[in-house]
Amino acid sequence: MIWLAIPALAAAAYYLLALIAAANQSRDREGASFTPPISILKPIHGRDPHLYDALLSHAAQSYPTFEILFGLSDPNDPAIEDIRRLQTTYPAIPISLHVVRTSAPNAKAGVLAELARHARHPVLLVNDSDIKVPPNYLRDVAAPLADPHTGLVTCLYRAAADSWPSRAEALGIATEFAPSVLVARLLGVAEFALGSTMAFHAATLRQIGGFETIAAYLADDYQLGLHISQLGYRIRFASPVVETNLGAGTWAQVWRHQLRWSRTIRVSRPSGYYGYAITHATLWALVALAAGAWWAAATALALRMIAGMWIGAAVLRDSNTLRYFWMIPLRDLFGFAIWLAGLFGDTVVWRGLTLRLRPDGRIAPS
C-alpha cells in the first residue's frame with residue numbers, strides 16, 4: 001500500500017518547489033529609464049461589462065510616447081462604443097480603430113498581423129482585451145527590453161469574477177496555474193509567454209516572420225514565445241501583475257473554457273501536460289489516505305494549501321485567494337476532471353466556434 005503514497009509525496013515535492021520558486025522570484029527592474037515609444041495592439045471580440053475599465057487602464061498610463069491600435073473583425077461589434085468613448089476621453093493619445101477582414105485560421109492572430117502593419121513604434125505590446133493594468137505598467141514592461149538578449153516580456157495575472165463558477169476558475173488561476181508557471185521557470189522551462197502581456201521589439205517579430213507565422217495555431221501566445229525563444233532570445237517576466245475579469249460564467253461555460261485551455265496545452269506541450277498529472281495534490285492525498293498513509297496525505301494537502309495561498313495572496317496580490325481558500329480542494333478535483341477530459345478529443349469551443357486541433361497545435365480546416 002505504500003506505493004499509493006508515492007504520488008502524494010511527488011505532489012508535495014512539486015508544491016515545495018512552488019514555494020521555493022515564489023521565494024526566489026526576481027523582479028526585473030534594470031533599465032527603468034528605458035522608455036521607447038510603444039504601440040499597444042489590442043484585438044477585440046465582443047464586449048463585457050468590464051471592458052471599458054480595462055481599456056481605460058491602458059490609456060491612463062504615465063508614459064512618454066505610446067499609441068493604441070484596436071482591431072476587430074465585426075464592424076458592428078458592440079465594443080466599438082467603448083473604443084469611441086476612449087478616443088473622446090483621451091484625444092491627445094493616438095487611438096485608432098481597424099476593422100480587419102482575415103481568413104487566418106486564428107482570427108485573433110490575423111487581426112494582430114494587420115495591426116502590426118499599422119504600428120508606428122519600435123516596441124509592440126499585445127495583451128488580451130479584458131486585461132486591466134496598473135498605472136506604471138508600460139514603464140515596468142518596457143524596462144527588461146533594454147537588455148538586447150531579451151526577446152519578449154510577459155506578466156503573471158490574477159482574475160476577478162462575478163459568479164461562483166468563475167470564482168472557482170479564478171482560484172485555479174491563482175493557486176494552480178500561477179504555481180505551475182513559477183515552477184516551470186525555476187526548472188528552466190522558459191519558452192512560453194502569457195496572453196496577459198507580450199512585449200517585444202517590432203524587429204524581433206519580423207525575424208520570426210510576423211504574426212502570420214503563428215496564425216494557424218490556436219495557442220498564439222505560446223507559439224509567439226516559442227518562436228522568439230528559438231531565435232536564442234530570453235523570455236522574461238516583468239514585475240506587474242495584471243488582472244483579467246472572468247465575468248459571471250456558468251459551470252458549463254467554465255468547463256468549456258478550461259477544456260479548451262487543457263486540450264490546447266496538451267497539443268502544444270504534450271510532455272508537460274502529462275507530467276501535470278502529478279500536481280493534483282488533493283486527488284493523490286485522498287488516494288494516500290485511502291491506503292492508510294495519512295502522513296503522506298497530510299503533507300501533500302498542507303503544502304498544496306500553503307503554496308496556493310502564498311502565491312495567490314502574496315505574489316499575485318489576489319485578496320480573494322484567502323477569502324475562498326476553503327474551495328481549493330474542491331477546485332482541485334474539478335481541475336482533475338478537466339485534465340482527464342483534456343486527454344481525449346480534439347475539438348474546442350473558441351469565440352463561439354467549434355474548432356478541431358491537429359496534433360501539432362494547428363487549427364484543422366473546417
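**Entry 1: the cavity**

I began with the largest cavity and noted its lining: Ala159, Ala160, Ala161, Arg167, Ala170, Leu171, Asp318, Asn320 and Tyr324. I kept in mind that this is a predicted model. The elements that give two or more residues to this lining are strand E5 (150-160) and H6. H6 supplies the largest share, three residues. Sorted by class, the lining has six nonpolar residues, one polar and two charged. I put the volume of the largest cavity at about 60 Å³. My search found one cavity of 30 Å³ or more in the structure.

**Entry 2: H6 and H12**

H6 had come up in the cavity lining, and I followed this helix to a partner. How do the axes of H6 and H12 cross? Helix H6 covers residues 164-186 and helix H12 covers residues 294-315; their axes come within 9 Å and cross at roughly 85°. An angle of 65 to 115 degrees counts as roughly perpendicular, so H6 is roughly perpendicular to H12.

Next I listed who meets whom. From H6 I wrote down Ala174, Thr175, Glu176, Ala178, Pro179 and Leu182, and they meet Arg304, Gly308, Ile311 and Gly312 in H12. The residues of this contact divide into five nonpolar, three polar and two charged.

**Entry 3: Leu69**

I then turned to Leu69, which sits in strand E2 (residues 66-72). Is Leu69 buried or exposed? Its relative accessible area is 1%, and buried means under 20%, so I marked Leu69 as buried.

Which residues does Leu69 touch, leaving aside neighbours within four places in sequence? I found Ser39, Ile40, Leu41, Lys42, Ser96, His98, Leu115, His118 and Ala119 in contact with Leu69. I also checked Leu69 against Val181: the two are 112 residues apart in sequence, and their C-alpha atoms are 29 Å apart in space.

**Entry 4: two arginines with positive phi**

My last stop was the backbone. Arg317 has a phi near 55°, a positive value in a residue other than glycine. I located Arg317 in the loop between H12 and helix H13 (319-323). With a relative accessible area of 46%, Arg317 is partly exposed.

Arg351 also went into the notebook, with phi near 55°, again positive in a residue that is not glycine. Where is Arg351 found? Arg351 lies in the loop between strand E8 (347-350) and strand E9 (353-356). I recorded 30% relative accessibility for Arg351, which counts as partly exposed.

Definitions and conventions
Residues numbered from 1 in each chain as written. Predicted model: local features only at pLDDT ≥ 70, side-chain atom pairs only at ≥ 80, totals over all residues. Heavy atoms only, no water. Axes fitted to C-alpha atoms, helices over the stretch in contact; angles between N-to-C directions. Helix = DSSP H or I, 4+ residues; strand = E, 2+ residues; numbered from the N terminus. Parallel < 35°, antiparallel > 145°, perpendicular 65-115°, else oblique. Contact = heavy atoms within 4.5 Å. Nonpolar A, V, L, I, M, F, W, Y, C, P; charged D, E, K, R; others polar. 1 Å grid on protein atoms, 1.4 Å probe; cavity = no way out; pocket = protein on both sides within 12 Å on 5 of 7 lines; lining within 4 Å. Points joined across faces, edges and corners; volume = space filled by probe spheres on them. Buried < 20%, exposed > 50% of the residue type's maximum accessible area, 1.4 Å probe, protein only.
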